[in-house]
Amino acid sequence: MNTCLLHLLSACLAAPKLQLQIRRNQLNFPSIWENPILRSLPMVPSASSSSSFPPAEYPVNPEILPGTRSKRKRQIAGVDQEELQDPAILADPDSCFCEFKGVQIHHKIYDAESVATNLSEEGTSSQPPYANKRVNFPMILLHGFGASIYSWIRAMKPLAQITGNKVLAFDRPAFGLTARLNHVNHSSQGSEDTRPFNPYSMLFSVLATLYFIDFLAAQKAILVGHSAGSIVAVEAYFEAPERVAALILVAPAILAPLNSGPVVKDNPSGKSNQSEGEDLEVNCKENWFTTIFSILSKLSQYIGQTITRLVKGMGDMITSIYKKALSAFLRSAIGIMLVRMIIDKFGLAAVRNAWYDPKQVDDHVLQGYTKPLRVKDWDRALVEYTVAMLTDSASASKPPLSKRLRKILCPVLIITGDSDRLVPPWNSERLSRAIPGSCLEIIKKCGHLPHEEKVDEFVSIVDRFLERAFGV
């Protein structure tokens with residue numbers, strides 16, 4: 001039976017056009033190709049045709065012929081990815097670049113004199129009460145994750161007015177228009193240490209902050225950090241507390257401790273405790289059972305500590321392997337594609353969600369935040385930044401930041417919005433209780449960006465803080 005089926009199948013394939021014509025004649029069906037509309041369409045041979053059979057013909061839509069289909073441009077968050085450019089080409093007229101440890105860092109500077117001159121030339125004099133005030137320290141602004149200098153543009157000139165000094169903002173590596181480098185092949189120039197210096201690490205941002213204090217020819221500076229930039233500001237303080245005049249933390253993304261921590265009290269009776277221990281040891285010697293029990297107890301304690309160290313070592317090893325595997329995955333083509341998909345899917349939504357009123361986020365704001373997506377290798381730099389945060393050995397060797405907050409001795413101001421959906425206001429309240437002498441200001445009807453949404457109120461709060469801290 002199988003042989004008959006094969007012969008029948010071969011016969012049908014040998015003369016498909018004849019069999020189809022006979023069947024059509026029996027059923028009295030007209031040919032579909034007699035339709036004038038279908039006959040007008042161009043015909044192309046089938047890819048499966050061979051020399052043994054006449055080529056089959058199919059109707060083809062002219063719009064999908066080769067060379068006629070419109071090329072779809074690749075876009076991430078509405079930004080064309082076909083022609084990415086160098087940061088210098090995308091720079092603004094007032095942009096500046098300087099080199100720090102081999103990295104071209106994009107920054108902008110405003111000073112009170114130039115701002116006053118521009119206002120007089122324009123015939124306006126906004127906020128005249130700030131004109132005669134002067135703080136002896138410049139101000140350095142540190143943006144948060146995914147932001148850039150653009151986040152500070154609205155506040156830079158007013159801040160220069162109230163301080164009467166220079167105000168500088170710079171793009172941290174992986175953000176804004178600062179150069180994107182491959183840190184594996186990058187080593188700091190002019191340094192005795194030839195090991196690669198990761199420009200995407202927290203340490204680099206901290207050292208760059210301290211570098212800009214020298215760049216401004218100042219002994220100290222007021223550090224203003226927004227969101228994740230607050231971590232850089234606080235770490236810069238702990239790196240060189242003598243270089244920081246004050247800290248202003250805006251919607252700080254610093255995890256505050258749940259409580260104030262244990263109160264450390266002196267033990268005036270330490271000597272008596274020691275004598276009691278000696279008496280206890282004498283009593284133990286008198287009782288052989290107690291002595292054996294004490295030895296076994298110490299032995300079990302030693303074994304327990306050894307096992308604990310062993311388990312901890314294994315845990316550290318497993319964590320190290322996990323971090324290396326995760327880093328390798330993120331650096332792979334799949335990891336980079338995943339980062340691009342996340343930015344494309346949630347990038348613009350995150351910007352709108354950061355505002356109290358998303359309707360205020362117009363095209364100009366979106367363009368300001370998405371401009372860095374036009375820089376070459378922005379995606380790889382963002383991956384390297386993420387890897388650096390996950391494998392930051394320098395921060396791992398220090399106590400958690402939440403346990404060091406009480407050691408901050410300079411004046412501290414914390415500003416947050418009452419409707420911040422990214423960093424809740426209650427975290428800022430706890431943070432203010434953890435930092436001795438800090439001031440907390442909550443702006444109503446404001447989200448995660450007080451320096452953008454409520455510029456005038458933000459500047460007024462900073463001005464009052466400077467008056468209390470420095471008497472200006």
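Q: In this predicted model, which helix gives the largest share of the nonpolar patch?
A: Helix H11 (residues 333-353) supplies the largest share, namely six residues of the patch. Ile 334 is one of the residues located in helix H11.

Q: Which residues make the nonpolar surface patch, and what is its area?
A: The patch covers about 690 Å². Its members are Phe 329, Ile 334, Met 337, Leu 338, Met 341, Ile 342 and Phe 346.

Q: How is the arrangement of H7 and H8 to be read: roughly parallel or roughly perpendicular?
A: Angles from 65 to 115 degrees count as roughly perpendicular. Here the axes of helix H7 (residues 202-215) and helix H8 (residues 229-239) cross at roughly 70° and come within 9 Å; H7 and H8 are therefore roughly perpendicular to each other.

Q: Which residues make the contact of H7 with H8?
A: From H7, the contact involves Met 202, Ser 205, Val 206, Leu 207, Thr 209 and Leu 210. From H8, Ile 231, Val 232, Glu 235, Ala 236 and Glu 239 take part. Sorted by class, the contact has seven nonpolar, two polar and two charged residues.

Q: How many salt bridges does the structure hold?
A: Side chains of opposite charge can pair when their charged atoms come close. The structure holds 10 salt bridges. Among them is the one between the side chains of Lys 376 and Asp 86, at 3.9 Å from N to O.

Q: Where do Lys 376 and Asp 86 lie?
A: Lys 376 is in the loop between helix H12 (363-370) and helix H13 (378-390), and Asp 86 is in the loop between strand E4 (79-80) and helix H4 (87-90). The pair therefore ties together parts that are 290 residues apart in sequence.

Technical notes. Residues are numbered from 1 along each chain as its sequence is written. This is a predicted model: local features need pLDDT of at least 70, side-chain atom pairs count only at pLDDT 80 or more; totals for chains, interfaces and linings use all residues. Side-chain values use heavy atoms; hydrogens and water are left out. Axes are lines fitted to C-alpha atoms, for helices over the stretch in contact, and angles run from 0 to 180 degrees between N-to-C directions. Helices (H or I, at least four residues) and strands (E, at least two) are DSSP runs, numbered from the N terminus. Angles under 35 degrees count as roughly parallel, over 145 as roughly antiparallel, 65 to 115 as roughly perpendicular and the rest as oblique. Contact means heavy atoms within 4.5 Å. Ala, Val, Leu, Ile, Met, Phe, Trp, Tyr, Cys and Pro count as nonpolar, Asp, Glu, Lys and Arg as charged, and the others, Gly among them, as polar. Patches are made of residues with over 30% relative accessible area and no salt bridge: like charges are joined within 9 Å, nonpolar side chains (Val, Leu, Ile, Met, Phe, Trp, Tyr) within 5 Å. Accessible areas come from the Shrake-Rupley method with a 1.4 Å probe; for residues, only the protein chains shown count as cover. A salt bridge is a side-chain nitrogen of Lys or Arg within 4 Å of a carboxyl oxygen of Asp or Glu.
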